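Please read this briefing alongside the sequence and the coordinates.

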Amino acid sequence: VVDGDDAITHLSNNIIWDRAGRVDRVFDSGYYNKDVSKETIEEARAAIINMARLEEEKAERLEQKARVRAHRARSRAAERKVASAVPEHNVDSTSESRNRFQWKSIPWHHFDENIQQWKQGDYGHTSDKRKNLKNEGNISLTVLTWNVLSNIHPSIVTDGNEIGGHKSRWSQLAEAIHEQSPDIVALQEATPDFADQILAIDWVRSDYASSISPHDNFSVNPIGNLLLWKKSNVVASRLWACVDGIRWRACEATFRFGLDNVLVCANVHLPS
C-alpha cells in the first residue's frame with residue numbers, strides 16, 4: 001500500500017498540508033499543486049505502517065482475550081462438572097448398617113524431595129495445579145488395575161510348589177507397572193506392608209501421587225485399595241474411601257486431566 005511510485009503519488013495527492021514542502025491545499029497559504037516533500041511522504045509512510053501494526057496488535061490482543069475468556073468458561077464448566085461428580089456419600093447411621101459402607105474423605109500424598117518424605121497434598125484449586133500438567137491437550141489416559149494378593153493370604157502353592165514370597169511377587173508387579181507406565185494405577189488388596197514396599201521405589205516417588213503414604217495408611221489397614229496417578233498428567237480433585245466394618249472396600253477419586261476433562265475413578269474390591 002505504501003511502496004512504489006504509485007503509492008508515493010497517492011500519498012502526495014492525499015496530503016493536504018505540508019510545512020516542509022510549503023504545500024497548503026486548505027487555506028491557500030502555500031502552493032496547491034506543488035509536490036509534497038520527500039520528508040513528509042516518508043513520515044506519512046512510516047505512520048501508515050505503524051497504524052497497520054497497531055491494528056494487527058489490537059486484533060491479536062482481542063483474539064487472546066477471547067481465548068482466555070473461552071478457557072475460563074471451560075474451566076468453570078469443568079469445575080462445576082467436578083463438583084457434580086464428587087459424590088455426597090451420606091452415611092447411613094441406622095443400627096443395621098452403622099458400620100457398613102461408610103464413606104470417608106481421604107487426603108492425597110506426594111513425595112517431597114526436599115524433606116525426603118511422603119507428605120499430604122493440598123486439594124486447593126485444581127485450575128492452579130493444572131498449569132503444570134504436561135498433557136493439557138490430551139484427552140486420553142492409560143489405566144492399569146491389579147489385585148496384588150495381600151500378604152494376609154497364605155502363600156500360593158501350585159502343584160505342591162510354593163511360588164515366591166509376597167515381597168518377591170510385589171517386586172515383579174512393580175516392574176510390570178513401571179514397564180507399562182500407566183497414568184492411573186488401581187491396586188486391590190493393598191496392605192501397610194505393600195504400601196511401604198511400593199512407595200519406597202524411586203520412580204514411584206518421582207512420578208506418582210498416592211491415595212496413601214507410609215505413615216498415613218489407614219485406608220489399607222488391614223487391607224484396602226490403593227490409587228496411584230502420574231503427577232505430570234493428572235490432578236486429584238477429591239478422594240473418598242468406603243469402609244465396610246473393618247475392611248476398606250473402595251477408593252474413589254475425581255481427577256482432572258487434559259483440557260478441562262473430568263474422570264471419576266472407582267477402585268473397588270468387593271467381598272466374595
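Is Ser 181 buried, partly exposed or exposed? With a relative accessible area of 32%, Ser 181 is partly exposed, where buried means under 20% relative accessible area, exposed means over 50%, and partly exposed lies in between (1.4 Å probe, protein chains only). The model is a predicted one, in which local features need pLDDT of at least 70 and side-chain atom pairs count only at pLDDT 80 or more, while totals for chains, interfaces and linings use all residues. Residues are numbered from 1 along each chain as its sequence is written, and side-chain values use heavy atoms, with hydrogens and water left out.

**Backbone and loops**

- Ser 181 lies in the loop between helix H4 (166–180) and strand E9 (184–190), helices (H or I, at least four residues) and strands (E, at least two) being DSSP runs numbered from the N terminus; its phi is near 50 degrees, a positive value in a residue other than glycine.
- Arg 22, which is not a glycine either, has a positive phi of about 55 degrees; Arg 22 sits in the loop between E1 and strand E2 (23–24) and is exposed, at a relative accessible area of 57%.
- The peptide bond that joins Asn 221 and Pro 222 is cis, with omega at about 10 degrees, and Pro 222 belongs to the loop between strand E10 (208–210) and strand E11 (224–230).
- Ala 200, in the loop between helix H5 (192–198) and helix H6 (202–207), is partly exposed with a relative accessible area of 41%; Ala 200 and Gln 117 are 83 residues apart in sequence, yet their C-alpha atoms are 9.8 Å apart in space.

**Salt bridges**

- There are five salt bridges in the structure, each defined as a side-chain nitrogen of Lys or Arg within 4 Å of a carboxyl oxygen of Asp or Glu.
- Among them is the pair Arg 53 and Glu 57, whose closest N and O atoms are 2.8 Å apart; because these residues are four apart in helix H2, about one helical turn separates them.
- Arg 53 is partly exposed at 38% relative accessible area, and Glu 57 is partly exposed at 29%.
- Asp 112 and Lys 119 meet in another salt bridge, at 3.1 Å from N to O, in which Asp 112 is buried at 13% relative accessibility whereas Lys 119 is partly exposed at 34%.
- Asp 244 and Arg 249 also form a salt bridge, at 3.3 Å from N to O, and both of these residues are buried.

**Surface patches**

- Ile 16, Trp 17, Val 26 and Phe 27 make up a nonpolar surface patch with about 460 Å² of accessible area together, the areas coming from the Shrake-Rupley method with a 1.4 Å probe, and for residues only the protein chains shown count as cover.
- Patches consist of residues with over 30% relative accessible area and no salt bridge, with like charges joined within 9 Å and nonpolar side chains (Val, Leu, Ile, Met, Phe, Trp, Tyr) within 5 Å.
- Trp 17 is placed in strand E1 (residues 17–18) and is partly exposed at 45% relative accessibility.

**Cysteines**

- The count of disulfides is zero, a disulfide being a pair of cysteine sulfur atoms within 2.5 Å.
- The cysteine sulfur closest to that of Cys 251 is in Cys 265, 8.0 Å away and therefore too far for a bond.
- Cys 251 is buried at 3% relative accessibility, and Cys 242 is buried at 5%.
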